[in-house]
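Keep the structure in view while reading.

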Amino acid sequence: MKRTTYCGIPAAVSTPVVLVGWVHRRRDHGGLIFIDLRDREGIVQIVFDPKTSATLHEQAHALRPEYVIEIQGTVALRPVDTENPALATGTIEIRATNLTILNPALTPPFLPTDEMEPDESLRLKYRYLDLRRPLMQKRFVKRHQMMMEIRRFLDTRGFIEVETPYLTRSTPEGARDFLVPSRLNCGAFYALPQSPQLFKQTLMISGFDRYYQIVRCFRDEDLRADRQPEFTQVDIEMSFVEPSEIMHLMEEMISLCLQQVSSSQNRQPFPVLTYQEAMRRFGSDKPDLRFGMELHDISDIAAVCTFNVFRQACQTKGGRVKGIAIPGFGLSSRKEIDTLVQEAIDLGAKGLAWMKVTGDGVDSPIAKFFEPGQIRTVKQRLAALPNDLLIFVADSETVTHQVLGALRLKLARRLNLLDPAIYKPLWVTDFPLLEYDAAASRYVAVHHPFTAPMDEDLPLLSSDPLAVRSKAYDMVLNGTEIGGGSIRIHQHNLQAKILGLLGMSEEEARAQFGFLLTALQYGAPPHGGIAQ
RNA sequence: GGGGCCGUAGUUCAGCUGGUUAGAACGCCGGCCUGUCACGCCGGAAGUCGCGAGUUCGAGUCUCGUCGGCCCCGCCA
């Protein structure tokens, strides 16, 4: 057995070839038998002609899907008008001269074609059949190519790949750890790392200057369609850097990756939104920029209209009235709008006010509470067009953003505005350093406890901790956070102070993070990084 | 921790307000077929309707329980 080429890679016409692979499909004409032979590189058509060899043709009758076979034959141009443009090898075929069945196969529970996708549990039970599908093989290859690009790119930029331990110590904060029982210390457990955060900071303190790792992370949390308990991330840390240096580096790296999956060139640099602006305009800290439907504040008008719900919301401290214009949705039936109102209530709103935009004005149960001029201003501010539906939420700023942000996404999905072929990356910066956890009655870190506060906000740490912004940045792509990082705290005193704000006593801090606190006192360089 | 949807042939699914023998497509088996390529044509086999109980003259269909799957909220520094 000496394979001369892959099925998917056409060989020169009239050369003898030896091919091995899986029977993808058979087309038995009684006379001629065609076999599509598949390997990881693609598919090629094999022809068994009774005129070439009656016994060989007889043998080929036995072939069934997923048999593993070896074919000896000759590459030939297909007869005129029998070329198959859908196939990369569609201009040629292999005239078989010899057939060896290397291994027959049972009738598989599903055929490894891309046309139909069986239930996921069945795909996993017969994972090897699932992974034979050309689509799955393409994905694996794509992933491999991305990893190669990333390694090559980071190497040229002077990064050193370092491995860090998997059997490690549990850290408080963050996700639940996976635990591994220890045989040597009976009753004690290792924790699998949620991320190599402390290790990479240690490497910076050691002077490695630029580290990266393509590393597995483990988080024992509930799953989602796009969330697995173990996943791989590109982990990066650099010394003596500003956020902008890390962000530009990542833009280059991600652009290289996007080139692998999309033909369109991404313009660098990526747009940057502050957290505040992202929330204000999109009601989300990971906005999907593939479509508009931005949030607009009409609190000033709402405060002086005669609609009590709006006025009261504006009179409440921190209250807001905001709205979005949904293109074409003004033609919806009353029932469809009622459904939308219920969805808003399920998302936490007290209700949902709406206006159908007509040619000259609006059609709305709340129109009577507004002066014509006020309605004109509202329409103008939401950039409303005829047949749009305007929806409004009146509540605290938090609830308003949350509800409208979620509705914006739901409606975009319903209106088919989420084109999977378009990639809209951006940065979100200026996150708050801390948020208040009412249940635990203490502050918790928004990013993680090692994130550095912005220098100009340092005085606020004592007076108004929730107002402190951090040197953190998230990369967002099409509404998904695909990377996040920060400049870290490299000063012992500041780190101790933050741990204190998080409700940790000095003893606790020493017990949990003593190693880091000590290390910061032995010449820790300023550093920061990201995990994608 | 909470919520929604789904379990019917090997697979993907249909099956109406409960009603006679539970269907389709693909796949599988047999036959025919020398230029097909998701080949075509003819014929055939294939089902504990996830499981258990209940309501009913009668349950794939309704109710309760249970098991399994998918999705969402919480959670995921």
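Domain bounds here come from an automatic or database domain assignment. The model is a predicted one. Chain A is split into domain 1 (16–103), domain 2 (136–261), domain 3 (291–414) and domain 4 (425–531). The centres of domain 2 and domain 3, taken over C-alpha atoms, are 42 Å apart.

Turn to helix H12, residues 397–414. Its 18 residues reach 25 Å from first C-alpha to last, close to the expected 26 Å. Buried residues in H12 include Thr400, His401, Val403, Leu404, Leu407, Arg408 and Leu411. An α-helix has 3.6 residues a turn, so residues three or four places apart point the same way. The cover over the buried residues of H12 includes helix H7 (275–282), strand E13 (319–326), helix H10 (334–346) and strand E16 (389–396). After H12 comes Asn416, with a positive phi near 60°.

Now the rings. There are 10 aromatic pairs. Phe307 and Phe369 have ring centres 4.9 Å apart and planes at 15°, so they are stacked. Phe307 sits in the loop between helices H8 and H9, and Phe369 in the loop between strand E15 and helix H11, so the pair ties together parts 62 residues apart in sequence. Phe307 is buried at 15% relative accessibility. Phe369, at 23%, is partly exposed.

Phe450 and Phe513 pair edge-to-face, with 5.4 Å between centres and 85° between planes. Phe450 lies in the loop between strand E19 and helix H13, while Phe513 belongs to helix H15, 63 residues apart. Both Phe450 and Phe513 are buried.

One aromatic cluster is formed by Phe307, Phe310, Phe369, Phe370 and Phe392.

Methods
Residues are numbered from 1 along each chain as its sequence is written. Chains are lettered from A and ligands numbered from 1 in the order in which they are written. This is a predicted model: local features need pLDDT of at least 70, side-chain atom pairs count only at pLDDT 80 or more; totals for chains, interfaces and linings use all residues. Side-chain values use heavy atoms; hydrogens and water are left out. Helices (H or I, at least four residues) and strands (E, at least two) are DSSP runs, numbered from the N terminus. The expected span of a helix is 1.5 Å times one less than its number of residues. Buried means under 20% relative accessible area, exposed over 50%, partly exposed in between (1.4 Å probe, protein chains only). Contact means heavy atoms within 4.5 Å. Rings of Phe, Tyr and Trp (its six-membered ring) pair if their centres lie within 6.5 Å; planes under 30 degrees apart count as stacked, over 60 as edge-to-face and the rest as tilted.
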